[in-house]
Every structure is written in C-alpha cells, then in structure tokens.
Amino acid sequence: MRLFDGDDSSVGTSEGLIEFPLTAHSALIGSIELRSARPLDAGELESMRAFAALASLTIHADALDHETATASRSLRESNAFKDDVLAMLGHDFRGPLTVILGYCELLAESAPEIKAEIETIFTQTQRLVRLSEDAVVLAQTQAGGFSLAREPTDLGEFVREAVRAFDPSERRITVRSGDAPVWAPIDRVRFRHVLDNVVLNALKYSDGAVEVEVRSTATEAAVAVTDRGIGIPEGDLPSVFTRFGRAGNARRKGIAGSGVGLYVANKIVHVHGGRIEVVSREGEGSTFTIVIPLVEDAHPT
Ligand code: ADP
C-alpha cells in the first residue's frame with residue numbers, strides 16, 4: 001500500500017490518493033487506487049487492504065483456472081495422440097506382420113538352404129506382434145481396465161491350436177491334457193495373449209523342449225508351461241510380474257525383452273478371477289502355471 005499524501009505514520013488519518021497493490025504469483029500485476037475526500041481510520045484502511053487481498057486472490061484463481069484449462073487441453077491432446085499411436089500399433093502393425101509370418105512359413109518349406117535365417121525372421125516378427133499387443137493391453141490397463149467377452153472353451157483344444165501356430169518348423173513344444181475336455185469361461189483373444197506370452201517366454205529363455213499341461217480340479221483349470229532354461233534367481237521372482245520388471249540373469253545374458261509381457265498377462269488372468277503361479281530355479285528352468293476358475297464368479301476389475 002502506498003500513500004501519496006502522507007507517510008506511513010499518517011496511514012490512519014490520511015486523505016487523497018491511496019494505492020493498494022494487486023499481486024499474482026508474488027509478482028505485482030496492478031493496483032487499486034482509492035481517492036478519499038476525508039481521512040480514513042485504521043479500520044477502513046484494513047477493510048481496503050482486505051479487499052485488495054481478495055481481488056488479488058480472485059485474479060490469481062482466474063490465472064490458475066486458465067493454466068489448468070490449458071494443461072488439461074494439452075493432456076487431452078496428448079491422450080488422443082497416444083490413443084492414435086496405440087490404435088496404429090494394435091491394428092495397422094498387425095496386418096503386415098501377419099503377412100511376413102505367412103511368407104516365412106512358405107519360404108521355410110520351399111527354401112531349406114536358408115531355413116535358419118527364415119526362422120530368425122519368423123521369431124523376431126512374432127516378437128514384434130507380441131510387443132504391439134502388449135503395448136495396447138498395457139495402455140488399456142493404465143486407462144482403467146478392460147472388459148472380457150467370455151465364452152465356454154475347451155482349454156485342451158484351445159492350447160493345442162495356439163501351440164500349432166508358435167513354431168511350425170521347430171516342434172519344441174509338447175501338449176499334455178486328459179481325455180475329458182476342460183471347459184472354462186475365457187475371453188479367447190485375451191487368454192490367447194496370456195498363453196502366447198508365457199509359451200514364447202519359455203521358448204526364448206530356454207533352448208530345449210517346452211511342455212504345456214492342461215489340467216483341472218473341481219473348481220479351477222490350470223495351464224502349466226515348463227521349460228529347462230535359464231530359470232529365475234529367487235530374489236528376482238517377485239519383480240518379474242511388475243511393469244518393466246526383468247530378472248538379472250536375463251539382462252546379463254543380453255536376452256532381448258521389455259519386461260511388459262508378464263505384467264500384462266497377470267492383469268488379464270486377474271480379470272478372469274485367476275492367477276499366475278511360478279516355480280523356478282536359476283540354471284534349471286521354470287514352470288509358469290495359469291490358473292482360472294471353472295465358473296465365471298470372481299470378477300475383480
Ligand atoms: P520380457 O519381454 O523381458 O521377456 P516378460 O514380462 O515376459 O518380459 O518377463 C519378465 C521377466 O521374467 C523376463 O525379462 C525374464 O527375466 C523373466 N522370465 C519370464 N519368463 C521366463 C522363463 N520362462 N525363464 C526364465 N526367465 C523368465
């Protein structure tokens with residue numbers, strides 16, 4: 001506050017031009033000028049000071065409102081951009097990658113002299129498909145989840161069909177299931193995503209055979225995937241289901257990975273009311289078991 005016709009000692013009895021500063025973000029942005037024909041007492045000056053403070057606050061709040069609106073507009077724009085990129089990853093990537101996978105299968109049969117090279121292209125293309133699908137599901141889980149379109153499905157048949165698509169030439173995978181079908185209510189697209197992640201990991205983190213077993217109890221169905229590969233150090237077990245979580249030995253060996261697959265797979269199984277269990281020993285191998293209820297009751301989202 002500045003008094004034009006008196007010094008600070010005359011505040012209580014001044015008359016003439018009185019200026020009250022207006023501030024926003026601690027910066028002076030203007031002032032309120034008061035012309036008084038009579039001396040103002042201390043109470044009136046205090047009221048004017050309070051009025052100026054209130055005006056400052058209002059201006060400040062207005063500026064904040066403006067900043068918030070700008071921030072939320074740019075957040076909306078970047079969310080829309082993210083959705084576009086993810087839609088592109090999910091749909092536009094998938095088509096050409098599927099064509100490449102198809103030609104790999106044809107070439108592997110017709111050009112045996114370059115079989116090894118073609119298999120590398122096939123495996124790396126499968127990784128690209130998986131990465132793009134992981135990115136889409138990851139974004140959906142971050143955005144508050146997703147719903148399931150469940151259908152009663154014979155898991156034994158479902159797993160055998162999925163496995164036929166994994167490694168058409170290598171035949172590293174064997175599937176075991178009982179004679180009786182194991183019917184479970186699954187979202188086939190989502191569950192296939194989980195199975196792909198777990199089985200492709202078993203192929204990636206081991207060189208040898210991979211066994212897939214389908215079994216059931218009175219209340220639950222289980223798909224257990226076992227490999228005799230690098231295994232997971234005990235201390236790293238809890239972190240492999242976290243976002244971007246990778247075990248130290250996988251990193252040290254330079255095996256490429258994003259650490260997103262199991263996080264996403266675990267989310268999908270959880271929405272089915274189930275869980276993924278892991279038993280692993282470093283240097284000996286791992287068993288990942290996908291467990292889901294046989295009836296569609298538990299449905300946490
Ligand atoms: P990534 O793309 O890194 O394979 P995942 O989320 O699928 O991501 O797996 C997380 C981590 O769990 C892997 O980086 C690896 O350290 C470990 N892991 C997963 N499956 C296996 C397995 N079958 N054998 C050994 N380690 C595994």
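Guide: A term is needed at the outset: two strands are said to pair if DSSP finds at least two bridges between them. Please note also that this is a predicted model.

Visitor: With that definition in hand, which residue in E8 stands opposite Val214?
Guide: Strand E7 covers residues 210-216 and pairs with E8 in the antiparallel sense over 7 bridges. A hairpin of 3 residues joins E7 to E8. Within E8, the residue opposite Val214 is Val223.

Visitor: How many helices and how many strands are there in the chain?
Guide: Both kinds of element are present, counted along the chain from the N terminus. The chain has 7 helices and 10 strands.

Visitor: Is the chain more spread out or less spread out than a compact globule?
Guide: For 301 residues the globule rule gives 19 Å, whereas the radius of gyration of the chain is 33 Å. The C-alpha atoms fill a box of roughly 105 × 50 × 35 Å along the principal axes. Because the radius is well over the value from the rule, the chain is more spread out than a compact globule.

Visitor: What percentage of the residues in the chain is buried?
Guide: A residue counts as buried when its relative accessible area is under 20%. The accessible surface of the chain is about 16900 Å², with 57% of it belonging to carbon and sulfur atoms. Of the 301 residues, the buried share is 40%.

Visitor: How far apart lie the centres of the positive and negative side chains?
Guide: The chain carries 31 positive and 44 negative side chains. The separation between the centres of these two sets is 6 Å.

Visitor: Why is strand E8 described as largely enclosed by the rest of the structure?
Guide: Strand E8 spans residues 220-227, which makes 8 residues. The strand is largely enclosed because the number of its residues that are buried is 7.

Visitor: Which residue of E10 is the bridge partner of Ala221?
Guide: Besides its pairing with E7, E8 pairs with strand E10, residues 285-293. The partner of Ala221 in E10 is Ile292.

Visitor: Which residue takes a positive phi in the hairpin of E9 and E10?
Guide: Strand E9, residues 275-281, runs antiparallel to E10, and 7 bridges join the two. One of the residues concerned is Arg275, whose bridge partner in E10 is Val291. The hairpin has 3 residues between the strands, and the residue with a positive phi, near 85°, is Gly283.

Visitor: What distance separates the C-alpha atoms of Glu282 and Glu234?
Guide: Glu282 lies in the loop between E9 and E10 and is partly exposed, at 43% relative accessible area. Its contacts beyond four places in sequence include Ile230, Pro233 and Arg252. Glu282 and Glu234 are 48 residues apart in sequence, and their C-alpha distance is 7.5 Å.

Visitor: What is the phi of Phe244?
Guide: Phe244 belongs to the loop between E8 and helix H6. At 47% relative accessibility, this residue counts as partly exposed. Although Phe244 is not a glycine, its phi is positive, at about 65°.

Visitor: Is Ala37 buried or exposed?
Guide: Ala37 is placed in the loop between strand E3 and helix H1. Its C-alpha atom is 9.2 Å from that of Leu17, which is 20 residues away along the chain. The relative accessibility of Ala37 is 78%, over the 50% cut-off, and so Ala37 counts as exposed.

Visitor: In which helix is Val189 found?
Guide: Val189 is exposed, its relative accessible area being 68%. Val189 and Leu148 are 41 residues apart in sequence, with 9.2 Å between their C-alpha atoms. The helix that holds Val189 covers residues 188-204 and is H5.

How values were computed
Residues numbered from 1 in each chain as written. Predicted model: local features only at pLDDT ≥ 70, side-chain atom pairs only at ≥ 80, totals over all residues. Heavy atoms only, no water. Helix = DSSP H or I, 4+ residues; strand = E, 2+ residues; numbered from the N terminus. Rg over C-alpha atoms; globule rule 2.2 N^0.38 Å. Buried < 20%, exposed > 50% of the residue type's maximum accessible area, 1.4 Å probe, protein only. Areas by Shrake-Rupley, 256 points an atom, 1.4 Å probe, with all protein chains shown as cover. Lys, Arg positive; Asp, Glu negative; His and termini not counted. Charge placed at Lys NZ, Arg CZ, Asp CG, Glu CD. Contact = heavy atoms within 4.5 Å.
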